[in-house]
Amino acid sequence: ATQLTVQGGRAMTPEYAAPEQITGAPVTTATDVYALGVLLYVLLTGQHPTGASTHSPAELVKAIVDTEPKRISDVVTPTRTPQEPLTINASQRATTPDKLRRSLLGDLDTIVAKALKKNPEERYSSVTAFGDDLTRYLKHEPISARPDTLIYRTTKFVRRNRTVVALASLALFMGIAGLIGTLLQAQTARAQRDVAFRERDRANRIADFMTNAFKVSDPSEARG
């Protein structure tokens with residue numbers, strides 16, 4: 001502890017202070033993660049996690065300690081309220097409010113929310129872990145802050161390998177289409193074969209009937 005922290009109280013920048021700094025709890029690397037989470041929140045949304053309105057010091061403290069911040073995708077979501085600030089904010093990021101919301105939805109929501117957990121133990125264990133998840137997001141890889149499921153990993157794999165997956169899907173589609181076409185042709189051939197067999201049997205029956213009829217009409221058949 002320096003003379004500043006001992007004699008001058010808790011040294012911090014209020015807008016970027018973590019809850020444990022406000023309450024006087026021990027400061028750890030998780031405190032740095034929180035500050036970086038606030039910075040990322042502001043960069044992505046143009047708003048502070050405590051809200052867009054101006055706060056008094058007491059309101060700011062209460063919001064930091066007690067109020068869970070909105071998810072970043074919800075902050076930029078257009079509503080019935082005046083949309084001009086949202087439009088300006090999106091234009092500063094070379095996009096539209098709808099596109100900005102879609103880009104923040106999902107993994108970025110999860111990453112920022114984890115960095116801003118009120119409980120330090122629920123945040124990233126280090127700044128490196130925080131940065132690693134952001135790197136994974138940029139590479140379309142599964143992030144550590146989200147439950148690892150087969151569907152999630154599959155989605156990420158498709159995002160990373162769109163061209164390969166598209167070509168493989170096309171090849172699979174063509175293969176299935178070819179197989180279906182072959183089966184249909186085989187079914188048609190079998191149907192035609194069955195018709196031919198039935199016509200052959202019919203012709204044979206007619207021939208047998210006519211032969212027997214001529215035999216009965218033969219005078220030599222009537223002798224005796």
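Reader: A residue is called buried when its relative accessible area is under 20%, exposed when over 50%, and partly exposed in between, using a 1.4 Å probe and protein chains only. What percentage of the 224 residues in the protein chain do buried residues make up?

Author: The model is predicted, so local features need pLDDT of at least 70 and side-chain atom pairs count only at pLDDT 80 or more, while totals for chains, interfaces and linings use all residues. Residues are numbered from 1 along each chain as its sequence is written, and side-chain values use heavy atoms, with hydrogens and water left out. Of the 224 residues in the protein chain, the buried share is 22%.

Reader: How many helices does the protein chain have?

Author: Helices (H or I, at least four residues) and strands (E, at least two) are DSSP runs numbered from the N terminus. The chain has zero strands, and its count of helices is twelve.

Reader: At what angle do helix 3 and helix 9 pack?

Author: Axes are lines fitted to C-alpha atoms, for helices over the stretch in contact, and angles run from 0 to 180 degrees between N-to-C directions. The axes of helix 3 (residues 29–45) and helix 9 (residues 127–138) are 9 Å apart, and the angle is about 35 degrees.

Reader: Which residues of helix 3 and helix 9 make the contact?

Author: Contact means heavy atoms within 4.5 Å. The residues of this contact divide into six nonpolar, one polar and one charged, where Ala, Val, Leu, Ile, Met, Phe, Trp, Tyr, Cys and Pro count as nonpolar, Asp, Glu, Lys and Arg as charged, and the others, Gly among them, as polar. Helix 3 contributes Asp32, Val33, Leu36, Gly37 and Leu40, and helix 9 contributes Val127, Phe130 and Leu134.

Reader: What is the centre to centre distance in the aromatic pair of tyrosine 124 and phenylalanine 130?

Author: Rings of Phe, Tyr and Trp (its six-membered ring) pair if their centres lie within 6.5 Å; planes under 30 degrees apart count as stacked, over 60 as edge-to-face and the rest as tilted. A search of the whole structure finds one such pair. Tyrosine 124 is buried at 3% relative accessible area, and phenylalanine 130 is buried at 4%. Their pair is stacked, with 20 degrees between the planes and a centre to centre distance of 5.3 Å.

Reader: Which residue has its charged end over the ring of tyrosine 124?

Author: A charge sits over a ring if NZ of Lys or CZ of Arg is within 6 Å of the ring centre and within 35 degrees of the ring normal. At 5.4 Å from the centre of the tyrosine 124 ring sits the charged end of lysine 114.

Reader: Why do the buried residues of helix 7 lie on the same side?

Author: In helix 7 (residues 97–104), the buried residues are Pro97, Leu100 and Leu104. The arc is that of the directions from the helix axis to the C-beta atoms. They are on the same side of helix 7 because the arc they cover around the axis is only 65 degrees.

Reader: What is the phi of alanine 94?

Author: Alanine 94 lies in the loop between helix 6 and helix 7 and is exposed, at 75% relative accessible area. Most residues other than glycine have a negative phi. For alanine 94, phi is positive, near 55 degrees.
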